[in-house]
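The exercises below can be worked through with the sequence and the model side by side. Try each task before reading the solution that follows.

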Amino acid sequence: MACIRSSLHLVPVNNIITRTISMSAMRRAKEALDQMKEKNPYLDKYAEKIAKLQKTSPEEFLSRVDKVVNPIKEGKSQARTYSELLNPKQPLKEEINEIPYKKLADIMKLDLIEDKSAEEISKIWFEYHKTKDVLAATLTVTQFEILMEHAKKYPVFLLPLPRSEGFEFIMLQFAANAVHFTPLLAYQVHAENAPECLTLVHYTEFKDKGLVLMRGEYDANVLTGKEAQCLANELQMFYYKSDENKLKLLEKFNKNPNEFKHMDLIKEVENIQLV
């Protein structure tokens, strides 16, 4: 009797194990994402970027999302361990005088306004941005110096953004003359690669006239213009002034992050509204 030749090819055991683990991770990643959707009403705004990480690296996705879905683990609160947020980007450096972004000369023709007074430049600045989907403001040199002084001491912080469902936390970090804002949920999932939702840039070209110009660009898929303005207002509340309670929160977050309580932060801004 002739032998029947089997067309079955043996697959190495290691390949089976690897594929099984990968499939299991994908399944658990999907389950974790479903849990996040139930627990966090803001997930939809970042769903596309989060889903990409889920598919390309499910194991890494699971380790990051675990801190969002399961904040209490082994008796410790992962969600309250804010020390891990303190170095998401290049920190503020004194030797950097200007930001490596769009220069003021790329926005406006400086030769046409350099002989103007601070009041005239301020008026032109607001008129120029009036029809654009950006934030625009002016600071006195004193305000800017206070901002930078606090920024060097407290380069990272959280701001609560009021939503209809409550508050969404937005992380900020200073880098030279710019302030970067990132949703905390996005940072928890993407770490230092989290996309920014708002960037405020300060221009000091007219500092000798006693004027500093500020321009803010935001991601309209994440923030509305009113929400971006609200974050800029909260930044002013905490960094432009010397309010004792707010400075204590800044110091605690940057110096003793494990003692920082988000409810104390909410109390400081609970009366703020989107207008």
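Two parts of the chain are said to be in contact when heavy atoms lie within 4.5 Å, and an angle between two elements runs from 0 to 180 degrees between their N-to-C directions. The model is a predicted one.

**Exercise 1. Describe the make-up of the chain and the order of the strands in its open sheet of six strands.**

Solution. Begin with the inventory: the protein chain contains 10 helices and eight strands, and of its 275 residues, 44% count as buried. Among the contacts with a separation of 6 or more, 65% come from residues 24 or more positions apart.

Next, follow the open sheet from one side to the other, where the six strands come in the order β3-β8-β7-β6-β5-β4 and pair in the antiparallel sense. The strands β3 and β4 stand at the edges with a single partner strand each, so one side of each has no neighbour in the sheet. On average, and with direction ignored, neighbouring strands of this sheet are turned by 25° against each other.

Finally, place the helix: α8, residues 225-239, lies across β3, β4, β5, β6, β7 and β8, and runs at about 135° to β4.

**Exercise 2. Determine how strand β8 is paired, and whether its residues are mostly buried or exposed.**

Solution. Take the partner β3 to start with: this strand, residues 135-140, pairs with β8 in the antiparallel sense over six bridges, and within that pairing L135 stands opposite G216. The partner β7, residues 198-203, is also antiparallel to β8 and is joined to it by six bridges, with H202 having M214 as its bridge partner.

Then turn to burial, for which the cut-off is under 20% relative accessible area. Seven of the eight residues of β8, which spans residues 211-218, are buried, so the strand is largely enclosed by the rest of the structure.

**Exercise 3. Work out the surroundings of R215 and T199.**

Solution. Start with R215, which is found in strand β8 and is buried, its relative accessible area being 9%. The side chain of R215 makes a polar contact of 2.8 Å with the side chain of H129. When residues up to four places away in sequence are not counted, R215 touches a list of residues including W125, Y128, H129, L135 and T199.

Go on to T199, a residue of strand β7, which counts as buried at 17% relative accessibility. The side chains of T199 and E196 are joined by a polar contact of 2.7 Å. Leaving aside neighbours within four places in sequence, T199 is in contact with A178, V179, H180, R215, G216 and E217.

**Exercise 4. Classify the aromatic pairs that involve F157, and state which residues form one cluster with F157.**

Solution. A pair of aromatic rings is described by the distance of the centres and the angle of the planes. The structure holds six aromatic pairs. For F157 and F253, the ring centres lie 5.7 Å apart and the planes are at 85°, so this pair is edge-to-face, given that the cut-off is an angle over 60 degrees. The pair links distant parts of the chain, since F157 belongs to strand β4, residues 156-163, and F253 to helix α9, residues 244-255, 96 residues apart. The relative accessible area of F157 is 0%, so F157 is buried, and F253, also at 0%, counts as buried.

The pair of F157 and F260 is likewise edge-to-face, with 6.1 Å centre to centre and 80° between the planes. This pair too links distant parts of the chain, because F260 sits in the loop between α9 and α10, 103 residues apart from F157 in strand β4. Both F157 and F260 are buried.

Notes. Residues numbered from 1 in each chain as written. Predicted model: local features only at pLDDT ≥ 70, side-chain atom pairs only at ≥ 80, totals over all residues. Heavy atoms only, no water. Buried < 20%, exposed > 50% of the residue type's maximum accessible area, 1.4 Å probe, protein only. Helix = DSSP H or I, 4+ residues; strand = E, 2+ residues; numbered from the N terminus. Pairing = 2+ DSSP bridges. Phe/Tyr/Trp six-rings, centres within 6.5 Å; stacked < 30°, edge-to-face > 60°. Polar contact = N/O pair within 3.5 Å; in protein donor to acceptor, adjacent residues only side chain to side chain.
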